Amino acid sequence: MPEMETAAFETDLSLFKYDNLEQLPPEYRDLEAAERTERIESALDELGDDVVILGHNYQRQEIVEHADFIGDSYQLSKEAAQSDADYVVFGGVTFMAESADIITDDDQSVILPSMEASCPMAGMAEALQVDAAWAELTAALDNDEEIIPITYMNSYADLKAFCAEQGGLVCTSSNAHKAFEYAFEKGDKVLFLPDKHLGENTAHRLGMADETVEWDPWDAEGTDAADAVENDIILWEGYCQVHERFREHHIESIREDYPDANVIVHPECRREVVEAADVAGSTSTICESVAEADPGETWAIGTEIHLTHHLQRWHPDVNVVPLCGEACMDCNAMRQIDPNYLAWVLEELVAGRERNVIEVAPEEKGLAQVAMDRMLEI
């Protein structure tokens with residue numbers, strides 16, 4: 001396993017770390033919807049309280065209709081930790097299942113139905129990459145300066161562990177501003193990863209937009225480390241492929257079609273999109289805003305399409321519209337949790353076999369927990 005330059009633990013790229021996860025068996029690939037639903041429900045009846053199903057807000061209806069809990073990634077992990085279930089089946093992506101494994105008991109197994117459900121943004125800041133860049137960045141600092149790393153929850157466990165070892169912490173989209181404040185109490189500068197847009201929006205919230213730089217350590221034409229550390233906030237070159245697709249012209253079109261619409265977007269969106277919207281907030285904020293809306297109000301949603309569809313079903317008295325089209329707002333990584341995979345892993349559990357278990361290495365898990373605990377302290 002590759003050695004880290006600036007951290008004491010070993011890790012590997014996620015591509016190799018999870019190359020043992022299994023593909024869907026051929027006999028499950030062509031299940032009809034009615035048969036699949038019946039088999040899922042039968043397996044759940046058989047397993048009873050031994051299993052808990054977590055459905056992320058961005059999962060399709062065929063997954064969340066079987067979920068015990070629906071919500072954002074960290075909220076779901078907390079629900080799993082509070083349950084007594086032996087098996088946690090996470091309808092989400094890899095880093096979410098890792099977070100659940102970090103905070104659940106050692107005798108609980110976390111299962112990710114599909115090996116293909118890997119968040120592209122998390123893959124833009126692998127710990128091995130960040131470690132090499134960190135060495136370059138810290139070497140460019142003055143001797144009396146200290147930089148604190150903050151990683152968004154949407155990152156792999158080893159990056160959370162790396163941040164902990166370097167004195168940093170984890171944040172969510174709701175508490176990123178508090179994480180920045182914590183970091184500036186501990187050090188002089190912040191390296192924020194992996195989402196540059198959330199980082200930029202947080203810098204604006206704190207009145208620090210002019211002290212911010214985007215940094216790609218592998219861009220020979222871009223900002224070098226020596227110039228980057230002249231700024232107080234250094235934003236890693238990463239982004240969510242869904243939220244980056246939203247543009248100002250989408251909001252302009254919505255306002256033409258629905259003059260009274262309230263536009264709400266996720267803070268992973270570009271700065272100009274957040275500025276043009278009426279509200280920016282986490283998936284929880286988006287859900288709460290629609291739930292509290294008066295009948296007949298129009299809300300245009302700037303986040304993943306499946307949450308928009310859920311809100312349309314859950315609140316039929318509110319006119320919920322997508323900010324742009326179906327393909328524009330679709331997360332392909334979330335789509336990999338096909339309901340046929342859910343049927344397979346549940347029937348395997350009934351048969352006494354655990355498939356696609358996500359297990360974070362002990363040292364990595366301990367450090368990642370430290371980073372998450374620091375978040376809870378703020």
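Histidine 249 lies in helix α12, which spans residues 248–257; helices (H or I, at least four residues) and strands (E, at least two) are DSSP runs, numbered from the N terminus. Because its relative accessibility is 45%, histidine 249 counts as partly exposed, a class that falls between buried (under 20% relative accessible area) and exposed (over 50%), computed with a 1.4 Å probe on protein chains only. Histidine 249 and valine 273 are separated by 24 residues in sequence, and their C-alpha atoms are 9.0 Å apart in space. The model is predicted, so that local features need pLDDT of at least 70 and side-chain atom pairs count only at pLDDT 80 or more, whereas totals for chains, interfaces and linings use all residues. Residues are numbered from 1 along each chain as its sequence is written, and side-chain values use heavy atoms, with hydrogens and water left out.

An open sheet of 5 strands shows parallel pairing in the order β6-β5-β7-β9-β8, where two strands pair if DSSP finds at least two bridges between them. Its edge strands, β6 (169–171) and β8 (212–215), each pair on one side only. On average, neighbouring strands of this sheet are turned by 25° against each other, direction ignored; axes are lines fitted to C-alpha atoms, for helices over the stretch in contact, and angles run from 0 to 180 degrees between N-to-C directions. Strands β7 (residues 189–193) and β9 (residues 233–236) run parallel and are joined by 3 bridges, with leucine 191 standing opposite isoleucine 234 in β9. Helix α10 (residues 196–205) packs on the sheet and touches β5 (147–152), β7, β8 and β9, its direction making about 155° with that of β9; contact here means heavy atoms within 4.5 Å. The loop between β7 and α10 contains proline 194, and the peptide bond from leucine 193 to proline 194 is cis, with omega near -10°.

Elsewhere, the axes of helices α4 (residues 73–82) and α5 (residues 94–103) come within 9 Å and cross at roughly 35°. The contact involves Ser73, Tyr74, Ser77, Lys78 and Ala81 of α4 together with Phe95, Met96, Ser99, Ala100 and Ile103 of α5.

Asparagine 356, in the loop between α17 (339–350) and α18 (362–377), has a positive phi of about 55° although it is not a glycine. Asparagine 356 counts as buried because its relative accessibility is 4%.
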